[in-house]
Amino acid sequence: MTRDDITRNLLAIFAKQFEIENPGMDEDLREAYEFDSIDAIELLREIELMLGDPLTRDEKESAMTIRTFGQIVDYVEGLAKTRAQLGDAR
């Protein structure tokens, strides 16, 4: 999964699930869109579906400091790379 794929998928999730169209990469989602903890939990579930794999407790906890769309893209890209490396090691 490329960074462009991840960005495109996340933009679709934001539009469909949260009715947020094209958030700025560096906008604070909480301030700009009132993105709250319930939204964050829903987003984590969508990320699990996108990756096809449940997130670990540590992965979920590390997501709690994320504030911007750009950080979410970085986060998912890191998860995808880690899973690809684990898959290659098997």
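In which helix does D4 lie? The legends below, written for a predicted model, begin with this residue.

View 1. D4 is a residue of helix α1. With a relative accessibility of 54%, D4 counts as exposed, because the threshold for exposure is over 50%. In sequence, 69 residues separate D4 from V73. In space, the C-alpha atoms of D4 and V73 are 9.3 Å apart.

**View 2. The packing of helix α1 against helix α3.** Helix α1 spans residues 3–18 and helix α3 spans residues 37–51. The two helices pack at an angle of about 135 degrees, and their axes are 11 Å apart. The angle lies between the range of 65 to 115 degrees, taken as roughly perpendicular, and values over 145, taken as roughly antiparallel; α1 and α3 are therefore oblique to each other. Their crossing is right-handed. On the α1 side, the contact is formed by N9, L10, I13, F14, Q17 and F18. On the α3 side, D39, E42, L43, E46, I47 and M50 take part. By class, the residues of this contact comprise seven nonpolar, two polar and three charged.

View 3. I13 belongs to helix α1. Its relative accessibility is 10%, so I13 counts as buried, the limit being under 20%. Not counting residues up to four places away in sequence, I13 touches F18, L43, E46 and M50.

**View 4. The largest nonpolar core.** This core contains 24 residues. Those that touch the most other members are L10, F14, L43, I47, Y75 and V76. Helices α1, α3 and α5 (69–89) each supply at least two residues of the core. The largest share, seven residues, comes from α5. In soluble globular proteins, nonpolar side chains tend to be buried together.

View 5. V76 lies in helix α5 and is one of the residues that touch the most other members of the largest nonpolar core. V76 is buried, with a relative accessible area of 0%. When residues up to four places away in sequence are not counted, V76 touches I6, L10, I47, M50 and L51. Of these, L10 and I47 are also listed among the residues with the most contacts to other members of the core. For reference, V76 and G24 are 52 residues apart in sequence, and their C-alpha atoms are 17 Å apart in space.

**View 6. Two loop residues with positive phi.** Most residues other than glycine have a negative phi. E19, which is not a glycine, has a positive phi of about 55 degrees. E19 lies in the loop between α1 and α2 (29–33). Its relative accessible area is 72%, and E19 is therefore exposed. Phi of E34, a residue other than glycine, is likewise positive, near 55 degrees. E34 is found in the loop between α2 and α3. E34 is exposed, with a relative accessible area of 66%.

Definitions and conventions
Residues are numbered from 1 along each chain as its sequence is written. This is a predicted model: local features need pLDDT of at least 70, side-chain atom pairs count only at pLDDT 80 or more; totals for chains, interfaces and linings use all residues. Side-chain values use heavy atoms; hydrogens and water are left out. Axes are lines fitted to C-alpha atoms, for helices over the stretch in contact, and angles run from 0 to 180 degrees between N-to-C directions. Helices (H or I, at least four residues) and strands (E, at least two) are DSSP runs, numbered from the N terminus. Angles under 35 degrees count as roughly parallel, over 145 as roughly antiparallel, 65 to 115 as roughly perpendicular and the rest as oblique. A crossing is left-handed if the near helix is turned anticlockwise from the far one by less than a right angle, and right-handed if clockwise. Contact means heavy atoms within 4.5 Å. Ala, Val, Leu, Ile, Met, Phe, Trp, Tyr, Cys and Pro count as nonpolar, Asp, Glu, Lys and Arg as charged, and the others, Gly among them, as polar. A nonpolar core is a set of buried Ala, Val, Leu, Ile, Met, Phe, Trp, Tyr and Cys residues joined through side-chain atoms within 4.5 Å. Buried means under 20% relative accessible area, exposed over 50%, partly exposed in between (1.4 Å probe, protein chains only).
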